[in-house]
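Hello,

Here is the model I promised to pass on to you.

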Amino acid sequence: KQITRQDMSIIVARALGYKPDGNKYAPFGDLEKIDDYAVEYVVYLYEQQLLMGNDEGLFLPKNNTRRSEAAVLIHRVIMSNEL
């Protein structure tokens, strides 16, 4: 099944042991489109430099995650020594 970019972010952040801390800001032009339940997880991954926006500075939270996007995120997590 498909998974949205925001839901993928939740899964990865939880796998890294992240607990929401109230931070809800990242410089994405579409930050307001991220559902409330997901925004802190997206922000955490952004702050850890594991998640980036596209060339226009958008996160596109409701888009389905492409295989290449998931692969890049997993690679960044492994290389960051967060596991």
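Let me start with helix 1 and helix 3, which are roughly parallel to each other, a term that covers angles under 35 degrees. Helices here are DSSP runs of H or I with at least four residues, numbered from the N terminus. The axes of helix 1 (residues 5-15) and helix 3 (residues 67-79) cross at roughly 25° and come within 12 Å. Those axes are lines fitted to C-alpha atoms over the stretch in contact, with angles running from 0 to 180 degrees between N-to-C directions. The crossing of the two is right-handed, meaning that the near helix is turned clockwise from the far one by less than a right angle.

Helix 1 brings Arg5, Met8 and Val12 to the contact, and helix 3 brings Glu69, Ala70, Leu73 and Val77, where contact means heavy atoms within 4.5 Å. By class, five of these residues are nonpolar, two are charged and none is polar; Ala, Val, Leu and Met are among those that count as nonpolar, while Asp, Glu, Lys and Arg count as charged.

A word on where this comes from: this is a predicted model, in which local features need pLDDT of at least 70 and side-chain atom pairs count only at pLDDT 80 or more, while totals for chains, interfaces and linings use all residues. Residues are numbered from 1 along each chain as its sequence is written, and side-chain values use heavy atoms, with hydrogens and water left out.

Next, the aromatic rings. Rings of Phe, Tyr and Trp (its six-membered ring) pair if their centres lie within 6.5 Å, with planes under 30 degrees apart counted as stacked, over 60 as edge-to-face and the rest as tilted. By this rule there are four aromatic pairs. One of them joins Tyr18 and Tyr41 edge-to-face, at 5.6 Å centre to centre and 80° between the planes. Tyr18 sits in the loop between helix 1 and helix 2, and Tyr41 lies 23 residues away in helix 2. Tyr18 also pairs with Tyr44: their ring centres are 4.3 Å apart and their planes at 20°, so this pair is stacked. Tyr44 is in helix 2 as well, 26 residues from Tyr18. Tyr18 and Tyr41 are buried, as is Tyr44, which means under 20% relative accessible area (1.4 Å probe, protein chains only).

Finally, Gln49 has a positive phi of about 60° without being a glycine.

Best wishes

Conventions: Angles under 35 degrees count as roughly parallel, over 145 as roughly antiparallel, 65 to 115 as roughly perpendicular and the rest as oblique. Buried means under 20% relative accessible area, exposed over 50%, partly exposed in between (1.4 Å probe, protein chains only).
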